[in-house]
Amino acid sequence: MTETAKTLYLIDGHGFIFRAFHALPPLTRPDGTPVGAVMGFCNILLRVLDEAGDAHIAVVFDPSGPNFRNELYDRYKANRSAPPEELKPQFALVKEATDAFGIVRLETPGFEADDLIATYTREAVERGYEVRIISSDKDLMQLVRDGVRLVDPIKFGLIGPEQVMEKFGVTPDKVVDIQALAGDSSDNVPGVPSIGVKTAAELINLYGDLENLLANLENIKQPKRREVLTQHAEMARISKKLVQLDHNVPLPKDFDDLCPHTPDLTTLGPFLRTQGFRTILSRVEKKWDLAAAREIPTSLFHEQEKEEQPLEAVERHYELVTTMEQLETWIARGTQNGMIALDTETTSLTPAQAQLVGISLSTAPGVACYIPVGHVKENNLFGDNNDADYTQLDKKLVIEKLKPLLENESILKIGQNLKYDWQMFFQEGVRI
């Protein structure tokens, strides 16, 4: 992410909370309220604030009620089911967190958050700003251009033209044409039956855009394809209107109002403490040193230590990691948590003689994984009688993926006899 002050950071509030809810482990605060996605959201806010400096920043939310797309097509998003019960209370808490951190919160009735993001992006680019949109929503990929990038909120990787091309097979300015043909099942955008993303990309790359394609249907050689496009041409046009973002939404706040403000400790401290986010409290105190600067009682930051919950009362989730997708999920969890517990399994108690066999990670009590990287059949962790080839990830690849997490100074590392594990990782080129 760019470090220039002339940058606008736009966080897709609802998009993030759904992504975090499914990507991060469940977590409840002392009174039993689910807060896993809220904690991930607070960590995102802190990370953006660390990098943003004096840049503009806002969190954008979808308003309740229908919008203009429902008037175009009454089945738009009609397939959406109600959010899980554990997620419902977290929507309000995410908005409360936004206010507590002193960040502007945006929404406009009748328009989706994506339309607001598109409008603020247009205005920012016109003012010479770069834009970073914290979201992995494919609908927002149409906004990618010079100076505008999406940022995956879990992995924090940049999504630019190359990533858009990889996903849709076209440049960002043609994404809406692809979605008009292929539709979008998540939003109940109909598209054209039997036309998928790959076929749509082939057609749009050949004819340039949707209207030119529909004007040249007689040139399509495949009879069935020509027939289905002819029959559903108007629905394709409607679908394009559904997915195309509005760049001229009435703005709820002036652009100049999107400056970050130092959070008010009398609001932020109690909020974080109520959620049980002690690690985030510590990071906030260190970042702004608010307790000392404002002479506010430190009790707003720290509560009296409570007796730890017995492990027997903790719901357990243990996992054997044998795929890259699993590994990346655990890395994302550790990054969002701001802390990770770790342990190494080796062939010797002497680091200089030991070989790395496996790595254990934990992101919360009862939530842990084991990553085998050096097991041999004589010591088969899948059972001594299993003669089939067993799966484990390549050690070099695992270390390469874990390295940014383990070397990140802002992420707390927890372990027992951690000096030993530090030495083992040092031998693998990782400087914890």
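Which helix does A332 lie in?

**Stop 1: the whole chain**

What you have open is a predicted model. Show the protein chain as a cartoon: there are 17 helices and 11 strands to find in it. Now colour by burial, if your viewer can do that. Of the 432 residues in the protein chain, 47% are buried. Next, think about who touches whom. Take the contacts between residues at least 6 apart in sequence: 69% of them join residues at least 24 apart.

**Stop 2: A332**

Select residues 324-337. This is helix α15, and A332 lies in it. Is A332 buried or exposed? A332 is buried, because its relative accessible area is 6%, and buried means under 20%. L24 and A332 are 308 residues apart along the chain, yet their C-alpha atoms are separated by 7.9 Å. Leaving aside residues up to four places away in sequence, A332 touches L24 and I154. Show the side chains of those two partners and look at them from a few angles.

**Stop 3: helix α5**

Move on to residues 113-126, helix α5.

Of its 14 residues, 11 are buried, so α5 is largely enclosed by the rest of the structure.

Before you leave, click on G128. Sitting just after α5, G128 takes a positive phi of about 85°.

**Stop 4**

Time to look at how helices pack. Two packed helices are described by the angle between their axes and the distance between the axes.

*α1 and α4.* Select residues 13-23 (α1) and 88-100 (α4). Their axes come within 11 Å and cross at roughly 130°. That makes α1 oblique to α4. The crossing in which α1 passes α4 is right-handed. Which residues of α1 and α4 meet? On the α1 side, show H14, I17, F18 and F21; on the α4 side, show Q90, F91 and V94. Sorted by class, this contact has 5 nonpolar residues, 2 polar ones and no charged ones.

*α7 and α11.* Now select residues 175-182 (α7) and 233-243 (α11). The axes come within 8 Å here, and they cross at roughly 130°. These helices are therefore oblique to each other, and their crossing is right-handed. V176, D177, Q179 and A180 of α7 meet A236, S239, K240 and V243 of α11. This contact divides into 4 nonpolar, 2 polar and 2 charged residues.

*α12 and α13.* For the last pair, pick residues 265-275 (α12) and 278-288 (α13). Their axes come within 8 Å and cross at roughly 160°. Since angles over 145 degrees count as roughly antiparallel, α12 and α13 are therefore roughly antiparallel to each other. Their crossing is left-handed. From α12, show L268, G269, L272 and R273, and from α13, I280, L281 and V284: these make the contact. There are 5 nonpolar, 1 polar and 1 charged residues in the contact of α12 with α13.

**Stop 4: two loop residues**

Finish in the loops. Click on K77, in the loop between α3 and α4. Phi of K77 is near 60°, a positive value in a residue other than glycine. K77 is partly exposed, with a relative accessible area of 23%.

Then jump to S194, in the loop between α7 and α8 (197-207). S194 isn't a glycine, but it has a positive phi of about 70°. Is S194 buried or exposed? S194 is exposed, with a relative accessible area of 69%.

Key:
Residues numbered from 1 in each chain as written. Predicted model: local features only at pLDDT ≥ 70, side-chain atom pairs only at ≥ 80, totals over all residues. Heavy atoms only, no water. Axes fitted to C-alpha atoms, helices over the stretch in contact; angles between N-to-C directions. Helix = DSSP H or I, 4+ residues; strand = E, 2+ residues; numbered from the N terminus. Parallel < 35°, antiparallel > 145°, perpendicular 65-115°, else oblique. Left-handed = near helix turned anticlockwise from the far one by under 90°. Contact = heavy atoms within 4.5 Å. Nonpolar A, V, L, I, M, F, W, Y, C, P; charged D, E, K, R; others polar. Expected span 1.5 Å × (residues − 1). Buried < 20%, exposed > 50% of the residue type's maximum accessible area, 1.4 Å probe, protein only.
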